[in-house]
Amino acid sequence: MGLIAKYKGSTIFTINIKYGKEKINFNLAKELKFTPEAINGDLKTQPTKYGFCLLLHKSLLTEFEKAKADRKRIWGKLYFKAKEQKSNGRPYSDELCKAYVEKHPNYIKASTRCIEVKDWADKMFSCIRAFEQRKDLMQTISSNMRQEK
């Protein structure tokens, strides 16, 4: 048994994504699995699964862009607020303003959201690539089965 094969039951295959109010959970290993006997049915459902992954990926990329815009807006608002503050009668330096923004809970929360959505989008991209591999393998096996008859 190969090194990676022993991890087929790992939780790394469990995909948990939140998109809007929906929680999307599935086991990638189970979704990718197919048997030569059921290949015709699997070939019919493959486009739906692949399409779902593509649509979710694109939606998550849009969510990521929105999250980045929110983070940038929060950064600007907090930076401006810090610039208005004074220490010993002088405005805060740029470095002090940046430090103020980066340690602020609202900015940290916005940054965490960006990382979370980017992670979900990256996971979906991995799923897309896996379904592409599945498609290629099913086509090869199907072709081989036809040639054997």
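**Close-up views of a predicted model**

**View 1. His57 in helix H2.** His57 lies in helix H2. The structure shown here and in the following views is a predicted model. His57 counts as buried because its relative accessibility is 8%, and residues under 20% are placed in that class. Apart from neighbours within four places in sequence, the contacts of His57 are Ala121, Met124, Phe125 and Ile128.

**View 2. Leu56 and its surroundings.** Leu56 is placed in helix H2, which covers residues 39–84. With a relative accessibility of 5%, Leu56 counts as buried. When neighbours within four places in sequence are set aside, Leu56 is in contact with Ile17, Tyr19, Ile24 and Met124. Leu3 and Leu56 are 53 residues apart in sequence, and their C-alpha atoms are 31 Å apart in space.

**View 3. A nonpolar patch on the surface.** Leu3, Ile4 and Tyr7 make a nonpolar surface patch of about 380 Å². Ile4 belongs to the segment before strand E1, a strand formed by residues 14–19. Is Ile4 buried or exposed? Ile4 counts as exposed because its relative accessibility is 69%, and the exposed class begins over 50%. Along the chain, Ile4 and Phe125 are 121 residues apart, and 20 Å separates their C-alpha atoms.

**View 4. The packing of helices H3 and H4.** Helix H3 is formed by residues 94–103 and helix H4 by residues 105–148; the two pack at an angle of about 65°. Their axes are 5 Å apart. On the H3 side, the residues that meet H4 are Val101, Glu102 and Lys103. Their partners in H4 are Pro105, Tyr107 and Ile108. Sorted by class, this contact of H3 with H4 holds four nonpolar and two charged residues, with no polar residue.

**View 5. The salt bridge between Glu116 and Arg113.** Side chains of opposite charge can pair when their charged atoms come close. Across the whole structure, a search finds 11 salt bridges. In one of them, Glu116 is joined to Arg113, and the closest N and O atoms are 3.4 Å apart. Both Glu116 and Arg113 lie in helix H4, with a spacing of three residues, about one turn of the helix. Glu116 counts as partly exposed because its relative accessibility is 35%. Arg113, at 34% relative accessibility, also counts as partly exposed.

**View 6. The salt bridge between Arg129 and Glu132.** Arg129 forms a salt bridge with Glu132, in which the closest N and O atoms are 3.3 Å apart. Helix H4 holds both Arg129 and Glu132, three residues apart, about one turn of the helix. With 45% relative accessibility, Arg129 counts as partly exposed. Glu132 is partly exposed as well, its relative accessible area being 25%.

**View 7. The salt bridge between Lys135 and Asp136.** How many Å separate the closest N and O atoms of Lys135 and Asp136? The separation is 3.0 Å, and the two residues form a salt bridge. Lys135 has a relative accessible area of 33% and is therefore partly exposed. Asp136 is likewise partly exposed, with a relative accessible area of 35%.

**View 8. Asn144 in helix H4.** Asn144 is found in helix H4. Its relative accessibility is 37%, so Asn144 counts as partly exposed. The chain places Asn144 and Lys58 86 residues apart, and their C-alpha atoms are separated by 34 Å.

Methods. Residues are numbered from 1 along each chain as its sequence is written. This is a predicted model: local features need pLDDT of at least 70, side-chain atom pairs count only at pLDDT 80 or more; totals for chains, interfaces and linings use all residues. Side-chain values use heavy atoms; hydrogens and water are left out. Axes are lines fitted to C-alpha atoms, for helices over the stretch in contact, and angles run from 0 to 180 degrees between N-to-C directions. Helices (H or I, at least four residues) and strands (E, at least two) are DSSP runs, numbered from the N terminus. Contact means heavy atoms within 4.5 Å. Ala, Val, Leu, Ile, Met, Phe, Trp, Tyr, Cys and Pro count as nonpolar, Asp, Glu, Lys and Arg as charged, and the others, Gly among them, as polar. Patches are made of residues with over 30% relative accessible area and no salt bridge: like charges are joined within 9 Å, nonpolar side chains (Val, Leu, Ile, Met, Phe, Trp, Tyr) within 5 Å. Accessible areas come from the Shrake-Rupley method with a 1.4 Å probe; for residues, only the protein chains shown count as cover. A salt bridge is a side-chain nitrogen of Lys or Arg within 4 Å of a carboxyl oxygen of Asp or Glu. Buried means under 20% relative accessible area, exposed over 50%, partly exposed in between (1.4 Å probe, protein chains only).
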